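Subject: Structure handover

Hello,

Here is the structure I promised to pass on. Please open it first, then read my notes below.

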Amino acid sequence: MRPALAAEALRVRLGGHEVLRGITLALGGGWTALVGPNGAGKSTLLRALAGLQTPSGGTVRLQGRDLAGVSAAERAHHIAWLAQLGDVTGELSVRETVALGRIARLGLLGTPGPADGAAVAQAMALTECRDWGARRLHELSGGERQRVLLARVLATEAPLLLLDEPTTHLDAPHQRALARLFRRLAHDTAAPRSVLTVLHDLPIALRADRLLVLDAGTLQADGPPSDPGVQAALARVFGHAIHIDTDAAGRPRVALALDDD
């Protein structure tokens, strides 16, 4: 099958520095976690895949078409993007903010109908923010705001979700809930989505279907978290400050490699 989104020999230069150095990958279904140390190029790669960063070399293809030739309006039907630091006005209510996600379907002048309202309600239910739909964003905590911004992304109903640090500001129960949500969205038999998340939370990343390990702008490993080669690359790019073992259920887990002294 043709991948939903693919990069071939992708390069990006920022301020004279080559941030991405020949990245080649393909995204189909499932939940993929993009991990790596600070400065590895993770956010830049996500922006390039979303069409928000112009490559200096290589190509990004959306369903086989060069992304550079796809209009912003058409991209919005296929790709939903969550920035690392989402910027919205604090005077909007939670529901108004989530409803902004429907602009991709309606356009700026479109009139919302029952289907739009249902999509907004479903997105708020999935992110557990419907109980405070009338509150203003400036009244929310950082974690609550993050859930609202994720709901706005889900309300687009785009089949490709590119999420930069979606677990930022969230407490452990909501981080766990999001991990379950990503898997649910990716494996929904009625309308599966391709989910790519940049994550610093390695325990959550290890629950993904697939890990992309990035370091210094190059892809070091690509495969399931259970793959020994992927685990070795993960430990290596973090300077062996972590190690991967397995829990009682045989699933990979991460631990800090602390010196005895």
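I start with a pocket. By class, the lining of the second largest pocket has seven nonpolar residues, one polar residue and five charged ones. Here Ala, Val, Leu, Ile, Met, Phe, Trp, Tyr, Cys and Pro count as nonpolar, Asp, Glu, Lys and Arg as charged, and the others, Gly among them, as polar.

Please keep in mind that this is a predicted model: local features need pLDDT of at least 70, side-chain atom pairs count only at pLDDT 80 or more, and totals for chains, interfaces and linings use all residues. Residues are numbered from 1 along each chain as its sequence is written, and side-chain values use heavy atoms, with hydrogens and water left out.

**The pocket**

The lining of the second largest pocket has 13 residues. Arg176, Ala179, Pro203, Ile204 and Arg207 lie nearest the pocket's centre. The space inside is about 270 Å³. A pocket is an open set of points on a 1 Å grid over the protein atoms alone, where a 1.4 Å probe fits, with protein on both sides within 12 Å along at least five of seven lines; lining residues have an atom within 4 Å of a point. Grid points are joined across faces, edges and corners, and the volume is the space filled by probe spheres set on the points.

Which elements supply at least two residues each of this lining? They are α7 (172-186), α8 (202-205) and β12 (252-256). The largest share, six residues, comes from α7. Helices (H or I, at least four residues) and strands (E, at least two) are DSSP runs, numbered from the N terminus.

**The cores**

The largest nonpolar core has 48 residues. Trp31, Val94, Val98 and Leu234 have the most contacts inside it. Helix α6 (residues 142-155) gives the largest share of this core, seven residues. Apart from it lies another core, of 26 residues, among them Leu20, Leu27, Leu160 and Val198. A nonpolar core is a set of buried Ala, Val, Leu, Ile, Met, Phe, Trp, Tyr and Cys residues joined through side-chain atoms within 4.5 Å. Buried means under 20% relative accessible area, exposed over 50%, and partly exposed in between (1.4 Å probe, protein chains only).

Take valine 94. Not counting residues up to four places away in sequence, valine 94 touches Met124, Cys129, Trp132, Gly133, Arg135, Leu137, Leu140 and Val148. Contact means heavy atoms within 4.5 Å.

Threonine 32 sits in strand β3 (residues 31-35). Threonine 32 is buried, at 3% relative accessible area. Leaving aside neighbours within four places in sequence, the contacts of threonine 32 are Leu27, Val195, Leu196, Thr197, Ala208, Arg210 and Leu212.

**Salt bridges**

Side chains of opposite charge can pair when their charged atoms come close. A salt bridge is a side-chain nitrogen of Lys or Arg within 4 Å of a carboxyl oxygen of Asp or Glu. The count by this rule is 11 salt bridges.

Aspartate 116 and arginine 102 form one, at 2.9 Å from N to O. Aspartate 116 lies in helix α5 (residues 114-126) and arginine 102 in the loop between α3 (94-99) and α4 (103-106), so this pair ties together parts that are 14 residues apart in sequence. Both residues are buried.

Arginine 183 pairs with aspartate 209, and their closest N and O atoms are 2.9 Å apart. Arginine 183 is in helix α7 and aspartate 209 in the loop between α8 and β9 (210-215), so the pair ties together parts that are 26 residues apart in sequence. Arginine 183 is partly exposed at 35% relative accessibility. Aspartate 209 is partly exposed too, at 25%. Salt bridges that share partners also join Arg102, Asp116 and Glu157 into one network.

**Loop residues**

Most residues other than glycine have a negative phi. Where is glutamate 165 found? Its place is the loop between β7 (160-164) and α7. Phi of glutamate 165 is positive, near 55°. Glutamate 165 is buried, at 6% relative accessibility.

Alanine 216 also has a positive phi, about 50°. Alanine 216 lies in the loop between β9 and β10 (218-223) and is partly exposed at 41%.

Best wishes
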